[in-house]
Amino acid sequence: MAVRKRKWRTQSGEAREAWVVDYTDQKGERHIETFERKRDADARHDAVRVNVRKGLHTPVNRSITVEQAAKSWLARVEGEGVEQTTYDQYESHTRLHITPRVGGEKLATLTAPRIEGIRDDLMRDLGRAMARKVLTSFKAILKDAHRRGDVAQNVAASVVIKKDKRAENHKPQVGVDIPLPAEIEAIISAAKGR
C-alpha cells in the first residue's frame with residue numbers, strides 16, 4: 001500500500017497533479033483511488049489498510065448502490081412469501097424514504113456516521129414510529145447485502161431509534177382508547193350482516 005503524488009499534462013498542455021492511494025485488497029486485487037489533497041489520500045489509505053487487514057474492505061468501484069441492494073432485498077423478501085401488505089410496506093419504505101435519501105450512494109462509501117445522519121433525518125422528517133420502521137428496513141437491506149457479499153460490513157448494525165417510553169407505558173383507558181360498553185353495543189346493533 002502506498003500514497004504517492006501523480007503529475008501529468010492534459011491534451012491542452014495544462015499541468016495537473018493528484019494524490020493516489022495504491023493498494024491490494026484482501027483478495028489480492030490491486031486498486032487505485034485518486035484524491036485532490038494529500039490529507040484525504042492519507043485518511044483513505046489508513047482506513048483501507050485497517051479494513052483490508054480485518055477482511056472488511058469492499059472496493060468502491062466494485063460496490064453496488066443502495067438502490068440496487070434494495071431491489072435485491074425486496075426480491076428476496078417477495079420470494080420468501082411474506083404477506084402482501086408487509087411487502088407493500090417494505091417497498092414503500094424503500095421508494096419513499098430510502099432511495100430518495102441514499103439510493104445513488106455506493107454501499108462501500110457508507111459509514112456509521114453517515115447512517116447516524118440518515119437516522120437523524122428520518123427522526124426529523126417522520127414520526128418516531130415510522131422512522132423506526134424505515135430504519136429497520138434500511139438495516140435489513142444492508143444486512144442482506146452483507147449476507148450476499150456485496151459489502152464487507154454492515155455499518156448500520158449499531159444504529160437504533162429507541163421506542164418512545166411514554167407511549168410504551170401508556171395504559172389504555174376505557175372511554176378514551178377503548179369504547180365504552182354502551183358504544184360497543186351501539187356499533188354491534190348498527191352493523192349489518194357479518
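This briefing covers the sheet, the nonpolar cores and selected ring contacts of the structure above. The model is predicted, so local features need pLDDT of at least 70 and side-chain atom pairs count only at pLDDT 80 or more, while totals for chains, interfaces and linings use all residues. Residues are numbered from 1 along each chain as its sequence is written, and side-chain values use heavy atoms, with hydrogens and water left out. Helices (H or I, at least four residues) and strands (E, at least two) are DSSP runs numbered from the N terminus.

**Sheet**

- An open sheet is formed by 3 strands in the order β1-β2-β3, with antiparallel pairing; two strands pair if DSSP finds at least two bridges between them.
- The edges are held by β1 (2-9) and β3 (30-35), each with a single partner strand, so one side of each has no neighbour in the sheet.
- On average, neighbouring strands of this sheet are turned by 35° against each other, direction ignored; the axes are lines fitted to C-alpha atoms, and angles run from 0 to 180 degrees between N-to-C directions.
- β1 is joined to β2 (residues 15-24) by 8 bridges, and the two run antiparallel.
- Within this pairing, V3 has V21 as its bridge partner in β2, R6 stands opposite A18, and the bridge partner of R9 is A15.
- The hairpin of β1 and β2 has 5 residues between the strands, and G13 takes a positive phi near 95° there.
- β2 and β3 are joined by 6 bridges and also run antiparallel; the bridge partner of D22 in β3 is I32.

- W8 lies in strand β1 and, at 28% relative accessibility, counts as partly exposed. The classes are buried under 20% relative accessible area, exposed over 50% and partly exposed in between, for a 1.4 Å probe and protein chains only.
- Not counting residues up to four places away in sequence, W8 touches E14, A15, R16, E17 and A18; contact means heavy atoms within 4.5 Å.
- W8 and A18 are 10 residues apart in sequence, and their C-alpha atoms are 8.9 Å apart in space.
- R6 lies over the face of W8, at 4.4 Å from the ring centre. A charge sits over a ring if NZ of Lys or CZ of Arg is within 6 Å of the ring centre and within 35 degrees of the ring normal.
- The charged end of K38 sits over the ring of W19, 5.5 Å from its centre.

**Nonpolar cores**

- The largest nonpolar core has 27 residues, and L107, L110, I115 and F138 have the most contacts inside it. Such a core is a set of buried Ala, Val, Leu, Ile, Met, Phe, Trp, Tyr and Cys residues joined through side-chain atoms within 4.5 Å.
- At least two residues of this core come from each of α2 (66-79), α3 (84-102), α4 (112-125) and α5 (128-148).
- α5 supplies the largest share of this core, 7 residues.
- A second, separate core has 7 residues, among them Y23, F35, A41 and V52.
- Apart from neighbours within four places in sequence, L107 is in contact with S63, I64, T65, V66, A69, L142, A145, D150 and V151.
- T65 lies in the loop between α1 (38-54) and α2, and counts as buried at 17% relative accessibility.
- With neighbours within four places in sequence left aside, the contacts of T65 are G103, G104, E105, K106 and L107.

**Aromatic pair**

- Searching the whole structure gives 1 aromatic pair. Rings of Phe, Tyr and Trp (its six-membered ring) pair if their centres lie within 6.5 Å; planes under 30 degrees apart count as stacked, over 60 as edge-to-face and the rest as tilted.
- The ring centres of W73 and Y90 are 5.0 Å apart with the planes at 40°, so the pair is tilted.
- W73 lies in helix α2 and Y90 in helix α3, so the pair ties together parts 17 residues apart in sequence.
- W73 is buried, with a relative accessible area of 7%, whereas Y90 counts as partly exposed at 25% relative accessibility.
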